[in-house]
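This briefing walks through selected features of the structure shown below. Please keep the sequence and the model side by side while reading.

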Amino acid sequence: MTRWFSDLALGVRLALGGGRASWVRLALTGAGIGIGVAVLLGASSLTTVLSERGARTAAVAAVTAESPPSGRDVLYEEFWNTDYRGESITGRFARATGPGAPVRPGTSRVPGDGEIFLSPALAELLASPRGELLRERFPQEVVGTIDRAGLNAPHDLVFYAGDATLSAESGNTVVAFGGELQDRGLDPVLSLLIAVGVVALLFPVLVFVGISTRLAGSQRDRRLAALRLVGAGAQRVRRIAAGESLLGAFAGLAVGTALFLFARRFVEDVRLLGISVFVEDLTPSPPLAVLIAVLVPVLAVVTSIVAMRRTVVEPLGVVRDAKPVRRVLWWRVVPLLIGVAALSTQFGAVSGEGDGASVEVLVGGITMLLLSIPLLLPWVVERSVGRLRGGAPSWQLAVRRLQLESGTAARVVGGVAVVLAGGIALQSVMASAETSVVDRPLPEVDRSRVDISMRHTSPELIAQTVALLERSVGVERVHPLRGLSFLRAEDEYGSVAIGTCDVLRAHARLPSCQDGDAFVVASERMPEVGFDTPLAPGQQVTIALDSEPAASGPRWTIPEFTRVAPTSEEQGRYGLMVTPSLAADLPLEHARTSVMVLVDPARPDIAEHVRNAVAPMTWRAYTTYFGETQAPQRVQEFRSIRQALLAGSMITLLLAGASLLVLALEQVRERRRPLAVLAASGVPKGALARSLLWQNAVPLMLALGVGIAVGGAMALLLLKVVTQPLVLDWAGIGVLSGTAALMVVVVTLLSLPSLHRATGALGLRSE
Amino acid sequence: MNPLLEAVDLRKSFGPTPALDGAGLRVHAGEVVAVMGPSGSGKSTLLHCLAGILQPDSGTVRYRDVELSALGDGPRSELRRTDFGFVFQFGQLVPELSCLENVALPLRLGSVKRREAESRAREWLERLEVADVADKRPGETSGGQGQRVAVARALVTGPRVVFADEPTGALDSLNGERVMQLLVTAAKESNAAVVLVTHEARVAAYSDREVVVRDGKSREMEPAR
């Protein structure tokens, strides 16, 4: 064991002992591994982010009672949300029955009537010029800030206001806070894709960590060969090399941790796709952090030992190495075949309804397919560049260099190809899956209409609301409509709307109308919603009252009616509509109220003005503006995840670029002397720069080919798993491939100063 | 007297190119043998086979009646550490270690304590007149100083055979002469044999006898002096 430690220590000594060159090499290795470690630490924090959010959501979940318990102070609460220029503001109105009422987490007390607590983001918005129009909607006195315990994320726009009008009838009766976590659950296809996406994005990071440990590989080979010469056995040289790699890995862990901690400080300022995260939440899960701390050094040691296998065979590795051994293909295709076989076993396992797939097999299959890329690329590059001949001197220099040693170049671009393949597969699967949900048409855009639905209203409140709206800027007409639900037979619900002829005309195309008329609104697309047989005059129905079982309500007879068409196919009101005199024996005190507001579409911020107009009604009024139609939630989820995956692919690609730059700089540094000799013997620096570009570009083009082929194949296999038609996302492929190509040019440009220094007179200096 | 090291009918090819084609050599304890020949004649390959670094395709190399090709990697590594020493044209010193650490390295690999290893290494540096560069790295020394450090490292373990492949090839004549004087003197004092690969007659003049390698075949010459 002592010998083990002394060999490892010698390795560390060798890694540190070369003066400036050694420190530069260690810094580059640390940077290369560190970037990967920082990303891994970020990813390992996601579980904490989700669990902390879940815990807070559970902590603020209200425990409600049907009726107020006697002798105990409770809280009446009502949820409300409003939109402001595309952003959603949510909150609750509350009234405490006494000092013992439960206090909502995140606030210091229950706000009194006319008081409000605001989240920091909402307070900032209201204080900014951007929130000027919103201030009218929150006239309450601000008495405090909702802290982290009451929020999901730092950018949440949330309020908590007092309202003395709330009662047991109008609001929920809250007896305590802190309930069970409600997991809505994602679509099975989405869950699977997220799992696959995480693998596809994190696997390249591990590839980069592996590549970074091979920086200055040829120098190390020479150093270890010298050790072999003076009698170090193969095992000892491996241990010494392991010591060297360990130092690089630990430096990488330190750099990565520092990078992560530095970036973490700014996380609350970042809002990506509407998602923001608290600093405290972005904490790596301890088991995953330990796994990273173990995995990175192990990976570094294994990679370096595998890389130096030829040095172990040849103690004088630099003396005789006439021709490198030609790479063989057979074992390189094994992971590819295993991956294809694994995914093939899951064909059709994930459908829209059920989820019969084994995530382990799928993730394993994807990992194998991605692993096959860095294994196949060295073979592909060697065979491809082996056939290249002729060309300009810069081309010739690059090609000859690649023919002599293509392994490093292939490994460098291997990471890029892995990102590309993962990105292509995920984007294609997402694009294909999205077509099935996006095929449904979006609601029609109508900028001249705002609907307001009201709760717990009285005729006075409705009149007050109508008056407020009529006074508002940009409002042209206001049509209040009351409605009730009825039960015709078991599970056959219908609705009856009550309004004046003027109001009814806003909803349906009426041939004529006078008080005492009734209409059934139907169209070819929506014949009569919910009914097996058409509604007929004289039929007896039961009016459904909210507070009682549906079947116990009063009976009512369907009056004579005329069939008419809606004013709008998409947003029209369907079903039975009657004029006020026919509603005399209906229980209107139980009726819902909706108000159709026709507005001037040319007026800027018209929806905000209408929302402000009904703001005094607070939780009693919900507004829907048809000029800001939003895609259904599932479509939005697909889009968000697809964007997140594209963003993830781009971030990983940038990471690949950073690694590529580190490796390119190291390559120049390592080949300083031959480059200086070339420059000294008259080769123009431009030709050397171009040869550097070709040296990066040729393997990259091959890597793009391999990445697209494996990524396409993976997309095909995954689409068969999720039973979706093949839709290759050519735009996504183009963006990712273009970024990768651009990256090579940028990396070459950034390595030019280093080349300039290397080709100076100092480059010719030898030991 | 049995030779210390004996190679018989060695053949070795690199791909289609033959490097050795029936070469042989005998080295006795304490003698200096120069292996001469033009570039590409196979003399370095012969040296690498003699030292057990390269395995010949056929033929035998016996050291103290032990067939080297029969030994595994571990025993051959140990042999290089304990019985053999090496001096090459350049590149054999570990650039990350100081000159003192380089010389002490074979001892430390053989589990000699650091203090003792460095003390013995310092003695050898003094004998080879380079004690002043003990704390410098090889990159900070001149070519001649570096070669003397390499000679010190080759001799520090008290080897029975020192293999020297063009040890003065990268030095000017003055420095070359001095390195050869020190190498041969120190080896003689330690009763170590020296196998000296060179294409320079003035370097070969330090040997007891010469062997010429041409086209992979070896031929014994008359003693040089």
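Two strands pair if DSSP finds at least two bridges between them; helices (H or I, at least four residues) and strands (E, at least two) are DSSP runs, numbered from the N terminus. This is a predicted model, in which local features need pLDDT of at least 70 and side-chain atom pairs count only at pLDDT 80 or more, while totals for chains, interfaces and linings use all residues. Residues are numbered from 1 along each chain as its sequence is written, and chains are lettered from A and ligands numbered from 1 in the order in which they are written.

**Strand pairing in chain A**

- Strand β15 (residues 562–566) of chain A pairs with strand β11 (residues 508–509) of chain A in the antiparallel sense, over two bridges.
- Within that pairing, Arg509(A) has Ala565(A) of β15(A) as its bridge partner.
- Strand β12 (residues 518–521) of chain A runs parallel to β15(A), and three bridges join the two.

**Helices of chain A**

- Helix α3 (residues 46–60) of chain A has 15 residues, and its end C-alpha atoms are 21 Å apart, which agrees with the 21 Å it should span at 1.5 Å a residue (the expected span is 1.5 Å times one less than the number of residues).
- Val49(A), Arg56(A) and Val60(A) of α3(A) are buried, where buried means that 20 or more other C-beta atoms lie within 10 Å of the residue's own, exposed 12 or fewer, and partly exposed in between, with C-beta atoms placed from the backbone.
- These residues cover an arc of only 40° around the axis, so they are on the same side of α3(A); the arc is that of the directions from the helix axis to the C-beta atoms.
- The cover over the buried residues of α3(A) includes β7 (172–177) of chain A.
- Helix α13 (residues 407–438) of chain A contains Gly415(A), which is buried, with 32 other C-beta atoms within 10 Å.
- Gly415(A) and Pro204(A) are 211 residues apart along the chain, yet their C-alpha atoms are separated by 5.5 Å.

**Chain B and its sheet**

- Chain B has seven helices and 10 strands, and 51% of its 225 residues count as buried.
- Of the contacts in chain B with a separation of 6 or more, 68% come from residues 24 or more positions apart; two residues are in contact if their C-beta atoms, placed from the backbone, lie within 7 Å.
- Six strands of chain B form an open sheet with mixed pairing, in the order β6-β7-β8-β3-β9-β10.
- At the edges stand β6 (84–88) and β10 (217–220) of chain B, each with a single partner strand, so one side of each has no neighbour in the sheet.
- Strand β3 (residues 32–36) of chain B pairs with strand β9 (residues 209–214) of chain B in the parallel sense over four bridges, and Val33(B) stands opposite Arg209(B) in β9(B).
- Helix α5 (residues 143–155) of chain B packs on the sheet, touching β6 and β7 of chain B, and its direction makes about 170° with that of β6(B); axes are lines fitted to C-alpha atoms, for helices over the stretch in contact, and angles run from 0 to 180 degrees between N-to-C directions.

**Confidence in chain A**

- The mean pLDDT (the predictor's confidence in each residue, from 0 to 100) of chain A is 80, and 84% of its residues reach 70 or more.
- Within chain A, confidence is highest in strand β4 (residues 115–118), at 95, and lowest in helix α9 (residues 309–313), at a mean of 52.
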